[in-house]
Amino acid sequence: LLDFGLTKRLNPKIKVAFARLMHASHEYDVDSLLQSFNEMGLKMNRHDPFEDMANMQRGFGDTVPQSDAKEVSKRKQRDYEERMEAKRAEAGLKKGQKLRNPVEAWPSELVFFGRVTAMLRGMCSRLDVSYPYLRTMAMAARETLRESVPKDEHAENLIHPSSNRISTKLQQRLVEAIESIDREGHMVGVQICVIQKGEQIANVAAGTLGTSNPRPVSPSTLFNIFSVSKGVLTIGLLRLVQDGRIECLDDPVAKYWPAFSSKPNVTVRHLLTHQAGLSNAYPENATLDTLLDWSAMTKFIAEEAVASHEPGEEVHYHAL
């Protein structure tokens with residue numbers, strides 16, 4: 001490859017963006033993947049980050065030995081055709097009709113790297129070698145991302161200094177447990193806060209923001225917890241029932257949220273048990289910014305979202 005001049009020096013900004021792309025693909029970090037697309041100038045014609053993640057992992061996955069190539073190729077082709085037919089059905093197209101290209105503009109660096117990658121994969125196949133290509137790239141990418149963070153922003157110690165403010169037995173046991181986890185090589189970053197009768201009896205922050213981000217976790221660090229929030233929301237809602245502010249779980253949602261009146265048969269229980277029929281209710285061409293817009297999303301769910309089935313008839317996981 002070197003003899004044929006297949007090398008390219010990336011400018012610092014693109015180097016970090018490409019490293020983020022590789023590391024995100026390996027770690028299944030959807031948020032960082034989208035960030036890398038934006039940094040590289042990769043323009044998409046649709047918003048489907050989980051499909052983008054699957055494509056990256058397929059494209060940069062383990063190489064296939066020549067002895068297995070035929071069978072693997074058949075399986076991949078079959079999977080590809082099934083995915084394409086599902087997408088055509090979703091887009092309302094007939095069998096065989098052409099789908100719109102999901103990518104509007106490819107960065108030249110990514111095009112170049114894709115071609116070099118294809119040659120490397122072909123060489124491994126010819127040599128009958130299965131090689132963890134993405135894992136290797138991710139290791140180098142991780143170091144690039146860590147080096148891009150100024151040294152004075154790196155975590156200096158495992159335990160954040162704020163953890164010294166509490167001296168309870170529980171606090172000490174948590175610190176010792178975190179130190180043990182770190183010695184075993186399983187530590188990344190953690191926050192633990194325990195409040196009893198309105199008083200903090202433990203509050204520990206430790207580690208870093210990620211394997212590729214050496215900044216320290218502090219008590220105010222925000223974590224994306226995805227659907228763990230559903231447990232917190234359910235506790236809060238049941239507390240409203242306990243206090244009599246919600247009279248019955250079988251009451252219509254519109255009784256407490258008048259704007260929801262377009263779906264009069266959806267009850268509070270339907271929402272809690274994923275039976276409201278709104279599992280696929282998303283605004284058209286929604287982005288992460290759209291989903292984070294509280295006013296716009298509550299208005300959409302209440303006034304515009306259309307149920308895919310009668311409430312209570314089916315159970316489908318509701319992400320929102």
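**Notebook: hairpins, rings and a charge**

I began with strand 4 and strand 5, which form a hairpin with 2 residues between them. The model is predicted, local features need pLDDT of at least 70, side-chain atom pairs count only at pLDDT 80 or more, and totals for chains, interfaces and linings use all residues. Residues are numbered from 1 along each chain as its sequence is written, and side-chain values use heavy atoms, with hydrogens and water left out.

I noted how elements are named: helices (H or I, at least four residues) and strands (E, at least two) are DSSP runs, numbered from the N terminus. Two strands pair if DSSP finds at least two bridges between them.

**Strands**

Strand 4 and strand 5 (residues 213-216) pair in the antiparallel sense over 2 bridges. I looked up Thr-208 and found Pro-216 in strand 5 as its bridge partner. I then turned to strand 3 (residues 189-196), which runs antiparallel to strand 4 and is joined to it by 8 bridges. Ile-195 has Gln-200 in strand 4 as its bridge partner. Strand 3 and strand 4 also form a hairpin with 2 residues between them, and Lys-197 in the turn has a positive phi of about 55°.

Next I checked burial (buried is under 20% relative accessible area, exposed over 50%, partly exposed in between; 1.4 Å probe, protein chains only). Strand 4 (residues 199-210) is largely enclosed by the rest of the structure, because 9 of its 12 residues are buried.

**Rings**

I searched for aromatic pairs: rings of Phe, Tyr and Trp (its six-membered ring) with centres within 6.5 Å, stacked if the planes are under 30 degrees apart, edge-to-face if over 60, tilted for the rest. The count came to 3 aromatic pairs. Phe-18 and Phe-113 are edge-to-face, because their ring centres are 4.5 Å apart and their planes at 65°. This pair links helix 1 (residues 12-27), which holds Phe-18, to helix 5 (residues 108-126), which holds Phe-113, 95 residues apart. Phe-18 counts as buried at 9% relative accessibility. Phe-113 counts as buried at 17%.

Phe-60 and Phe-113 form a tilted pair, 6.0 Å centre to centre with 50° between the planes. Phe-60 lies in the loop between helix 3 (49-59) and helix 4 (66-91) and Phe-113 in helix 5, so this pair ties together parts 53 residues apart in sequence. I logged Phe-18, Phe-60 and Phe-113 as one aromatic cluster.

**A charge and a serine**

I looked for a charge over a ring (NZ of Lys or CZ of Arg within 6 Å of the ring centre and within 35 degrees of the ring normal). The charged end of Lys-263 sits over the ring of Phe-260, 5.0 Å from its centre.

Last, I looked up Ser-32, in helix 2 (residues 30-40). Ser-32 is buried, at 16% relative accessible area.
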